[in-house]
Amino acid sequence: MRAGVPAARRRAAAVLLTALACVLPLLGGCSTGGDGDRPGVVVTTNILGDITRNVIGDEAEVTVLMEAGADPHSFGVSAPQAALVERADLVVYNGLGLEENVLRHVDAAREAGTATFAVAEAVDPLPYTSDDSAGRPDPHFWTDPHRVRTAVGLIAEQVVENVDGIDAAAVRKSADRYGAKVDDLASWMRQRFEAIPEDRRSLVTNHHVFGYLAQRFGFRVIGAVIPSGTTLASPSASDLESLATAVREAKVRAIFADSSRPDRLARVLRRESGLDVEVVPLFSESLTEEGGGAPTYLDMMRANTTAIADGLGNDRPADRPTQPPSTDGPQERKNTT
C-alpha cells in the first residue's frame, strides 16, 4: 500500500470539497461518485474507463471523466470532477500528453498523495515518425490490442496494490477473462488485415492516431490531414498539397476520418488529390453512447477493423472471416459514466 495521506481522510476532505462546489452557481448538478467509504478509481478517458471497468468488475467504483464522443486532447473537468480526482484511491490516465487539459489535475492529485498510473508510458510506447510530432512518444497505444492486453494486466496490479479492501483474486480473474477477449480480438484483426493485398495497406487519417496499429499489422502511414499527434493543431495549405501528392503517388483508396469530428479537411484532401478516394469514418479516440457504434473498446476495434478492411478494397472476401470474436460467456462491461 502507498504511504502519504490516509485514503479515508483524503476521501472525507474531497467529499467536503465536492459538496461545496455543488452549491456554487452555474456548476449544475454533481455527484460525489460514491458513498465516501467504498474504494474508488478515477479514469480520465472513456476508452481506458471501459478497459478498467472490465478489469475491476464489482470490486471498486470506477468514475470516468471524459464523456462519450469527446476529444481527449481538448476535454476538461469541472470543479466537482477535480475533487473526485484527488479523492480517488487510484487515478488511471493515458499519459504522454494525451489529456492536455486534465494532466494538471492528475499532477495535483499525485502531489496530494493519490496513487496515479500512466498506462501509455508503461506499454513500450512508440515515437511518432513524421510531421510536427516526429520523435515524440505517441500516446495512442490502444490501436494495438497487444499493448492493451499488457495494459489489462498492469491496471489489475495497480488496483491490487493501491486500492484497499478489494479482493485481489477477483480482480486478477476479471483481468484474465477480459484479457482473453482482447487476445481473441487481436487474432481476428490480424485475419481481416492479412486478407488486404500488400500494395493496398496504406493509411491516411485525420491526424496521427493509428501508428501502433500500422506497426503491429503491417500498414504504411502515408500521412495525416492534420500533420500532428493532436487534433488541436491545424494544417497549412502546403501541408494539404504535400499530402495530396503523396496520396496520388501511393494510389490511396480511402481517407479515414474520426467519426466524432467533422470530415471537412478529409474531403478537401480528396478534392486536392484529384483521386476518387472514399472518406471512411473511424472511431479513433473516443467511445460512443450505447447504440452509437462503439460503446466499448472491443466494439470500437471491431468496427474500425471492418471499416479499414472494406475501405481499402479487399478483393478476396471469401478468404476473410466475416464474424467478430465470439462474446459468449461473461460480457464486457459497458462504458457508462
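Reply: Happy to! Helices (H or I, at least four residues) and strands (E, at least two) are DSSP runs, numbered from the N terminus. This is a predicted model, in which local features need pLDDT of at least 70 and side-chain atom pairs count only at pLDDT 80 or more, while totals for chains, interfaces and linings use all residues. Residues are numbered from 1 along each chain as its sequence is written, and side-chain values use heavy atoms, with hydrogens and water left out.

Let us start with Ser-202, which is found in strand 5, residues 202-207. Is Ser-202 buried or exposed? Ser-202 has a relative accessible area of 4% and is therefore buried (buried means under 20% relative accessible area, exposed over 50%, partly exposed in between, with a 1.4 Å probe and protein chains only). Leaving aside residues up to four places away in sequence, Ser-202 touches Phe-219, Arg-220, Ile-222, Val-252 and Leu-312; contact here means heavy atoms within 4.5 Å. With Arg-220, the side chain of Ser-202 also makes a polar contact of 3.1 Å. A polar contact is a pair of N or O atoms within 3.5 Å; within protein, one must be able to donate a hydrogen and the other to accept it, and residues adjacent in sequence count only if both atoms are side-chain atoms.

Now for the charged pairs. How many salt bridges does a search of the whole structure find? The search finds nine, a salt bridge being a side-chain nitrogen of Lys or Arg within 4 Å of a carboxyl oxygen of Asp or Glu.

One of them joins the side chains of Arg-172 and Glu-157, at 3.0 Å from N to O. This pair links distant parts of the chain, 15 residues apart: Arg-172 sits in helix 6 (residues 168-194) and Glu-157 in helix 5 (residues 145-162). Both count as partly exposed, Arg-172 at 36% relative accessibility and Glu-157 at 38%.

Another salt bridge pairs Arg-302 with Asp-299, their closest N and O atoms being 3.1 Å apart. Here both residues lie in helix 10 (residues 297-311), three residues apart, or about one turn of the helix. Arg-302 counts as buried, at 11% relative accessibility.

Elsewhere, salt bridges that share partners join Asp-124, Asp-144, Arg-147 and Arg-216 into one network.
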